Amino acid sequence: MSRPPDEANPAKFPSPAAAPTATPAPAWALADGSEPIGSLQEHYYDLCMEKSKKINPFILHILQKVDDEIEKRLKGITLNIAGNSRLMPVEKVTGEDFWILSKILKTNPYINGLDVRYNLLNDVGAYYAAKLLQKQNTLIYLNLMFNDIGPEGGELIAKALHKNTTLKYLRMTGNKIENKGGMFFAAMLQINSSLEKLDLGDCDLEEATVHLGHMLKENHCLIQLHMCKHDIKNCGLKQLCDALYRNRSLRYLDVSCNKITHDGMKCLADVLKSNTTLEVIDLSFNRIENAGANYLSETLASHNRSLKALSVVSNNIEGEGLVVLSQSMKTNPVLSNIYIWGNKFDEATCVAYSDLIQMGRLNSNNTDVEPFEVDGRVYLAEVSNGLKKHYYWTPTYEEACSHSSNAGFALVPVGEKL
């Protein structure tokens, strides 16, 4: 990753261009310094000219569309400059592009969401994102997913959130902030009182679980925590479970892809006997097997009445474990969503879930299997439903926020359209 010489020291970050001498206010600026309706595109163009920076045509096009929305006096606009769009030519946003963007957004009252996923911001862009979080008081959603942000950039963003009181949803997915960056986020969450949804999935964190566990004991505002691919294993899940005995705010826990086995499920099942706030748990792509499914089933059948959705996709569970999970739904009236594809179905499994669907106990939109019959025998087919089917991408052919495909976010919403 290309870095300026002083990037490792945030205090020495230079602006991409020297600050200009005072100039007369442009024609589109109001007397109080705020921006009038429909000025973003012009403001961006003028700043690029003033700073001698190349104009990014992709950004210019998106700003024109946002100006049209602003002209209609709409508020709560999300500026979507995702670098993986297939609907138009894309010139990926760089750290210097983001510097210009941050300048036009820091006082704009109409935009409260910024999505710059799959671009090339790196730690330079992270520096200006941190500055934006310190100065912009209307931003509630920031998506920095897969932007080549490293530990230094992660530290800058985490520290900027110590005093930020408006951001509700931050997505850092896929940025390799590593354990160093993860420690700063864990420390931040013991201080920040506004962030409700944090995604640190696939960030190369392997030693931060204990610190995130300490955070969960102190933090009383975080609603969603996504920790996929953290190499948590059973010992890490036990540390999280110890914290969940005291936490009364977390409603969505994602620990998918973490090498968790049935021993970890014993700890989680014990927590669920007393925890009344967790509503969605994602255990996909672990290895809980029949024993883990049995632990969960016993708790769901006899004790827990708060969990609404459970995903055990691809967990090496055989028919015995899948059947007992289905049986727990017959006595548990609250559990409405269950996702089981990728396990080892036998005939008893197929019949059990077919019966749940046909009797109306399991809505076909709330599971990822659909029964069909061949020669008098019932089988299960996969359907495109899940907790977060559109986690890494959004479709161009249907509504991106389909409840059946993204049930976890529908069950535990964080802010409008978030």
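Colleague: Is phenylalanine 146 buried, partly exposed or exposed?

Modeller: This is a predicted model, in which local features need pLDDT of at least 70 and side-chain atom pairs count only at pLDDT 80 or more, while totals for chains, interfaces and linings use all residues. Residues are numbered from 1 along each chain as its sequence is written, and side-chain values use heavy atoms, with hydrogens and water left out. Buried means under 20% relative accessible area and exposed means over 50%, with partly exposed in between, using a 1.4 Å probe and protein chains only. Because its relative accessible area is 24%, phenylalanine 146 is partly exposed.

Colleague: How many residues apart are the two partners, tyrosine 118 and phenylalanine 146?

Modeller: Helices (H or I, at least four residues) and strands (E, at least two) are DSSP runs, numbered from the N terminus. Tyrosine 118 is in the loop between strand S2 (111-115) and helix H4 (122-135), whereas phenylalanine 146 is in the loop between strand S3 (141-143) and helix H5 (151-160). The pair thus links distant parts of the chain, 28 residues apart.

Colleague: Over which rings does the charged end of lysine 197 sit?

Modeller: A charge sits over a ring if NZ of Lys or CZ of Arg is within 6 Å of the ring centre and within 35 degrees of the ring normal. For lysine 197, the distance is 4.1 Å to the ring centre of tyrosine 169 and 3.8 Å to that of phenylalanine 409. The rings are those of tyrosine 169 and phenylalanine 409.

Colleague: Which residue in S6 stands opposite lysine 197?

Modeller: Two strands pair if DSSP finds at least two bridges between them. Three bridges join strand S5 (residues 197-199) to strand S6 (residues 224-226), and these strands run parallel. Opposite lysine 197 stands glutamine 224.

Colleague: Which strands stand at the edges of the open sheet of 10 strands?

Modeller: The order is S1-S2-S3-S4-S5-S6-S7-S8-S9-S10, with parallel pairing. Each edge strand has a single partner strand, so one side of each is left without a neighbour in the sheet. The edge strands are S1 (77-80) and S10 (337-339).
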